[in-house]
Structures are given as C-alpha cells and as structure tokens.
Amino acid sequence: MASSPYITPNGMFLMNQELSQRWQRRREVVQALAAAAAEGDRSENAEYIYRKKELRELDRRIRYLQKRIPDLKVVHDIPDNPDKIFFAAYVTLETESGDEVEYRIVGPDEIDHEKGNISVDSPLARALLAKTVDDEVVIHIADGRKQYFVVSIRY
C-alpha cells in the first residue's frame with residue numbers, strides 16, 4: 001500500500017531542511033573521500049571504505065527526499081467541522097484501563113512516537129477518522145483488540 005501524500009506545514013519544513021542538511025553533509029563527505037582516496041591503496045583504507053558507504057547512504061536518502069517532496073500535499077487548513085477527527089488533529093483518548101494518551105494524526109513522513117505523532121495510514125488513525133468526542137474506537141491487533149474512548153479533539 002502506498003503512503004498517503006499528506007503532510008503538515010511543519011513536516012514539510014523539516015523535510016526540506018533535512019534535504020538541505022544532507023546536501024551540505026554530502027559536500028563534506030566528498031571532500032573527505034577525495035582526501036582518503038589520495039592516500040593510496042583503497043582496498044585497505046578504512047577511511048575511504050567508510051566514506052564510500054556514508055556517501056551511498058546520503059545519496060539514497062537525498063534521492064528519496066527529492067522524489068517524495070514534490071508528491072506531498074501540505075494540509076494548511078483545519079477541517080470545516082473541527083468537532084470531528086481528521087488529518088492533523090490532536091486526539092486525547094482514554095484507554096480501557098482509564099489512562100489518557102494523546103496522539104496527533106500526521107503524514108507517514110512525520111511519525112514520531114516520542115511526540116505521539118502517528119501516521120494517518122496506521123490502524124488507530126484510520127479507526128479514529130471522522131469520530132467525535134465520546135465515540136468508542138476499537139482496533140484489532142495481533143494479540144486481540146484495543147478499545148479507546150475519544151476524550152478531546154483539537155487542531
């Protein structure tokens with residue numbers, strides 16, 4: 001399944017910033033690689049081998065970002081009905097045990113579990129879409145099911 005093309009304005013800013021930083025890092029690695037190559041025998045030159053590997057990884061990520069960024073659609077507006085859960089919503093849920101957790105529904109390129117950012121493509125986010133406060137949400141997972149109640153929604 002293809003990833004959703006949606007992203008928040010901050011997510012787009014961070015992706016463009018990452019692309020710029022990767023290009024800068026690439027220039028530094030190319031210079032270090034040239035210096036390592038000038039040292040002679042490349043087959044036993046650890047610095048040369050390391051820099052080649054780093055360059056490959058940088059190039060792979062740069063290619064991905066250059067291909068992905070133009071396809072993304074930045075979602076600037078809050079929905080017409082802010083009482084329902086849609087993309088970019090902050091959602092507070094109550095678990096079966098009574099604990100509260102907060103998630104933000106973001107694009108797949110913005111996932112950050114420490115911040116509570118979940119992909120719009122995730123099972124939980126898909127189950128939450130279009131729900132309102134006090135709605136029950138049930139998702140089926142490998143070892144059973146999880147039940148949540150929507151406590152609050154904000155944008």
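The dialogue below asks how several descriptions of this predicted model follow from their definitions.

Tutor: Residues are numbered from 1 along each chain as its sequence is written. The model is predicted, with local features needing pLDDT of at least 70 and side-chain atom pairs counting only at pLDDT 80 or more, while totals for chains, interfaces and linings use all residues, and side-chain values use heavy atoms, with hydrogens and water left out.

Student: Why is Thr 95 called buried?
Tutor: Buried means under 20% relative accessible area, exposed over 50%, and partly exposed in between, with a 1.4 Å probe and protein chains only. Thr 95 has 17% relative accessibility, and therefore counts as buried.

Student: What is Thr 95 in contact with, leaving aside its neighbours within four places in sequence?
Tutor: With contact meaning heavy atoms within 4.5 Å, Thr 95 touches Val 101, Gln 147 and Tyr 148.

Student: How do you know that the span of helix α2 agrees with its number of residues?
Tutor: Helices are DSSP runs of H or I with at least four residues, strands are runs of E with at least two, and both are numbered from the N terminus. The expected span is 1.5 Å times one less than the number of residues; for the 23 residues of α2 (residues 46–68) this gives 33 Å, and the end C-alpha atoms are 33 Å apart, so the two agree.

Student: What makes Arg 25 and Glu 54 a salt bridge?
Tutor: The term requires a side-chain nitrogen of Lys or Arg within 4 Å of a carboxyl oxygen of Asp or Glu, and the side chains of Arg 25 and Glu 54 meet at 2.7 Å, N to O. Because Arg 25 lies in helix α1 and Glu 54 in helix α2, the pair ties together parts that are 29 residues apart in sequence.

Student: Are these two partners buried or partly exposed?
Tutor: Glu 54, at 12% relative accessibility, counts as buried, whereas Arg 25, with a relative accessible area of 30%, is partly exposed.
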